[in-house]
Amino acid sequence: MTYTHNELEQWDKDYVWHPFTQMQTYRQTNPLIIERGKGSYLYDTEGKAYLDGYASLWVNVHGHSDPELNEALKEQIDKVAHSTLLGSANVPSILLAKKLAEITPGSLSKVFYSDTGAASVEIALKIAYQYWKNKDATRYAKKNKFISLDEAYHGDTVGAVSVGGMDLYHRIFRPLLFQRIGSPAPYSYRMEEIGDEEAVKDYCLAALEERLQQQTEEVAGVIVESLVQGATGIHTHPVGFLKGVADLCKKYNVLLICDEVAVGFGRTGTMFACEQEDVVPDLLCLGKGITGGYMPLAATITNDTIFNAFLGEREEHKTFYHGHTYTGNQLACSVALKNIELMEERDLVASVSHKAANLKATLETLYELPIVGDIRQRGLMIGIEIVKNKNTKETFTVTEGVISQIIETARQKGLIIRELGSVITMMPVLAMSEQELQKMVGITYESIQEVYETMVVNA
Ligand SMILES: *Cc1c(COP(=O)(O)O)cnc(C)c1O
């Protein structure tokens with residue numbers, strides 16, 4: 001049975017509530033309805049092709065409808081789709097956990113599965129909290145708090161929002177949340193008064209140390225997005241910042257949680273972003289790219305020291321009482337395993353690093369445009385900050401609609417990208433060819449230019 005675009009559009013508007021979407025505005029637009037995908041392209045119900053410059057929300061690795069990933073799923077579905085991990089095991093979840101233990105840095109070796117990045121964060125927070133209680137409930141009675149960075153994003157469940165620092169998304173929910181200790185984040189572009197990147201790094205690390213010094217007894221852990229704060233607008237951290245955070249966590253004996261839901265699986269040019277700073281966190285949160293963009297799966301990975309603190313007789317209640325119905329789902333785990341194997345076979349991480357370096361010069365040409373204030377890149381994670389005025393760095397208001405016009409213009413030209421506030425973000429499919437990457441940046445350039453020119457004409 002096939003349906004027309006108009007029928008689907010009507011039913012979409014009648015029945016579907018879209019995430020992070022003002023539905024009143026959405027219902028006035030002509031929605032993009034995707035029907036299929038192949039390689040770096042998505043196709044809508046009318047057959048129009050779009051280059052996937054957003055990797056379908058930062059998840060796609062090898063391209064859409066990869067024959068080998070498709071085959072892995074088909075093979076698994078003929079065996080079994082799902083059985084529970086609560087007290088029993090299944091084949092793909094075992095093999096994937098072993099693989100994850102092998103490829104994650106240092107002594108990370110114990111894998112706790114869930115199904116969304118936010119859940120992987122909740123799990124890390126709960127493990128960190130309970131770890132101290134299991135270790136010594138009296139001595140660590142006050143270790144109930146987490147430090148997180150300002151403008152941090154760790155997902156949308158209540159616990160993940162509690163450690164979030166994005167006022168726009170989180171303000172309304174504040175009364176529901178547990179208390180966090182906020183610490184300044186290194187956003188060099190808008191911290192000029194402090195100095196260069198190095199000075200900004202030192203400033204933020206000093207602020208973190210102050211908090212750790214004053215509240216060490218209350219702090220269970222520090223949670224940080226490794227190298228890049230994604231959702232707030234691709235804020236790339238100064239080199240050495242993550243290492244500095246890790247050193248402070250050691251010094252003050254608090255746990256380090258690295259949220260690599262966005263940056264993990266090759267996105268920044270290494271398999272895991274923390275490897276670039278020789279950091280091994282106590283807890284590592286993974287999601288998004290883990291299944292190559294095929295299935296919802298996430299994982300929280302920790303070391304033996306933490307895992308062992310949860311061992312004991314049943315009546316000691318050291319058990320981690322947490323789980324999800326679909327924890328360790330076979331379809332998700334089998335496609336994730338195949339995704340990682342293909343990354344290795346295809347030497348994908350090295351190619352991301354290579355392609356990212358080659359793209360740098362092309363990206364720099366965007367500075368020619370009068371409204372491009374800052375260009376930030378780590379691997380194939382790119383943010384273009386749009387400003388009204390390069391000197392004052394003033395941004396456009398939502399009502400002016402400049403950013404949404406740029407995104408819409410790009411879509412008409414066959415490119416899917418998205419905005420985060422005033423930042424145009426490009427998060428291409430990791431396997432995208434050099435030629436397609438050039439095309440992505442080219443369309444983005446033209447779209448910004450056209451919108452700017454219209455603006456000047458109308459002013
Ligand atoms: C996307 C994201 C999350 C949340 O993942 P979901 O799968 O959307 O729940 C958490 N942390 C970071 C850094 C992310 O980018």
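Modeller: A salt bridge, as the term is used here, is a side-chain nitrogen of Lys or Arg within 4 Å of a carboxyl oxygen of Asp or Glu. The model is predicted: local features need pLDDT of at least 70, side-chain atom pairs count only at pLDDT 80 or more, and totals for chains, interfaces and linings use all residues. Residues are numbered from 1 along each chain as its sequence is written, and side-chain values use heavy atoms, with hydrogens and water left out.

The protein chain is divided into domain 1 (32-62 + 347-458) and domain 2 (71-345), with bounds that come from an automatic or database domain assignment. Their C-alpha centres lie 27 Å apart. At the interface, 32 residues of domain 1 are in contact with 33 residues of domain 2, where contact means heavy atoms within 4.5 Å. About 2700 Å² is buried between the two domains, and carbon and sulfur atoms give 58% of this area; buried area is the accessible area (1.4 Å probe) that two parts lose on being put together, summed over both. On the side of domain 1, Trp 58, Arg 378 and Lys 393 lose the most area to domain 2, together 27% of what that side buries.

Lys 393 also takes part in a salt bridge with Glu 192, in which the closest N and O atoms are 3.2 Å apart. In general, side chains of opposite charge can pair when their charged atoms come close. Across the interface of domain 1 and domain 2, the rule finds two salt bridges. The rule for polar contacts finds 17 residue pairs across this interface, both residues being at pLDDT 80 or more. A polar contact is a pair of N or O atoms within 3.5 Å; within protein, one must be able to donate a hydrogen and the other to accept it, and residues adjacent in sequence count only if both atoms are side-chain atoms.

The elements that give two or more residues to the side of domain 1 touching domain 2 are α3 (55-58), α13 (348-364), β13 (372-378), β14 (381-386) and β17 (423-426). Helices (H or I, at least four residues) and strands (E, at least two) are DSSP runs, numbered from the N terminus. Of these elements, β13 gives the most, with five residues.

Finally, Trp 58 is also one of the residues around the ligand, each having a heavy atom within 4 Å of it.
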